[in-house]
Amino acid sequence: MRARLVLLPVLVLLAACERTEVFEVTENDAETGRWYSSELLGQGQQVFSQNCASCHGEQAQGLEANWRQRLADGSLPPPPLNGTAHAWHHPLSVLVQVISDGGIALGGKMPAFDEILSEEQKRAAIAYFQSFWSDEIYQQWLQMGGVQ
Ligand code: HEC
């Protein structure tokens with residue numbers, strides 16, 4: 001059990017390295033102060049509401065009181081993405097990868113969005129849930145790889 005928990009982020013990271021995508025993002029948009037524009041954020045709200053909110057909550061707050069507690073079938077519930085769990089440990093490229101691949105192949109429950117969402121829509125969804133992050137969490141994310 002413990003070994004699998006450690007292995008999962010490593011596998012995700014390895015997968016991310018295989019497909020190197022070059023993102024052209026500004027680190028500091030004049031309006032939002034973040035990497036995304038307010039236009040992308042608006043798009044993200046729609047993408048998130050239609051594709052993600054049923055599991056992660058309308059405001060990315062998660063739906064289970066304790067997202068660390070495994071469900072009866074042994075899988076983990078969808079974690080909050082609003083900065084209170086650990087989505088902020090992953091740089092942008094890894095977040096895109098997680099959304100593309102989902103978690104089913106790794107024994108999880110999240111569907112893959114590779115064929116469903118464009119690259120822009122995936123980044124828009126990320127911008128949306130990041131808009132709930134405090135500036136402190138956002139700064140830590142930047143230091144841990146951030147827009148890379
Ligand atoms: C059917 C439910 C479901 C849907 C729909 C879903 N997710 Fe997930 N998501 C999960 C689960 C469950 C996990 C935990 C890993 C697993 O079990 O696959 C997860 C994990 C994640 C993670 C990793 C979080 C972390 O802390 O490392 C991100 C990021 C994420 N989801 C984003 C999204 C986005 C963006 C969408 C919409 C495009 C989405 N998810 C749609 C269930 C879902």
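A residue counts as near a molecule when its C-beta atom, placed from the backbone, lies within 6 Å of that molecule. Keep in mind that this is a predicted model.

**Stop 1: the ligand.** Select the ligand and its surroundings. The shell holds 24 residues. Closest are Cys 52, Cys 55, Gly 103, Gly 108 and Met 110. Now colour by element: helix H3 (53–56) and helix H4 (92–101) each give two or more residues to this shell. Then colour by residue class. The shell divides into 15 nonpolar residues, eight polar and one charged.

**Stop 2: helix H2.** Select residues 38–51, the 14 residues of H2. From first C-alpha to last, H2 reaches 20 Å, close to the 20 Å expected at 1.5 Å a residue. Which residues of H2 are buried? Show Leu 40, Gly 44, Val 47 and Phe 48. Turn the view to look down the axis of H2. The buried residues fall within an arc of 100°, so they line one face of the helix. They pack against H3 and helix H5 (119–130). Next, show Gly 42 and Gln 50. These exposed residues sit on the face of H2 turned away from its buried side.

**Stop 3: Ser 134.** Move on to the loop between H5 and helix H6 (135–143), where Ser 134 lies. Is Ser 134 buried or exposed? Ser 134 counts as exposed, because it has 12 C-beta neighbours inside 10 Å, and a residue with 12 or fewer is classed that way. Ser 134 and Gly 83 are 51 residues apart along the chain, yet 7.3 Å separates their C-alpha atoms.

Note on methods. Residues are numbered from 1 along each chain as its sequence is written. This is a predicted model: local features need pLDDT of at least 70, side-chain atom pairs count only at pLDDT 80 or more; totals for chains, interfaces and linings use all residues. Helices (H or I, at least four residues) and strands (E, at least two) are DSSP runs, numbered from the N terminus. Ala, Val, Leu, Ile, Met, Phe, Trp, Tyr, Cys and Pro count as nonpolar, Asp, Glu, Lys and Arg as charged, and the others, Gly among them, as polar. The expected span of a helix is 1.5 Å times one less than its number of residues. A residue is buried if 20 or more other C-beta atoms lie within 10 Å of its own, exposed if 12 or fewer, and partly exposed in between; C-beta atoms are placed from the backbone. The arc is that of the directions from the helix axis to the C-beta atoms. Two residues are in contact if their C-beta atoms, placed from the backbone, lie within 7 Å.
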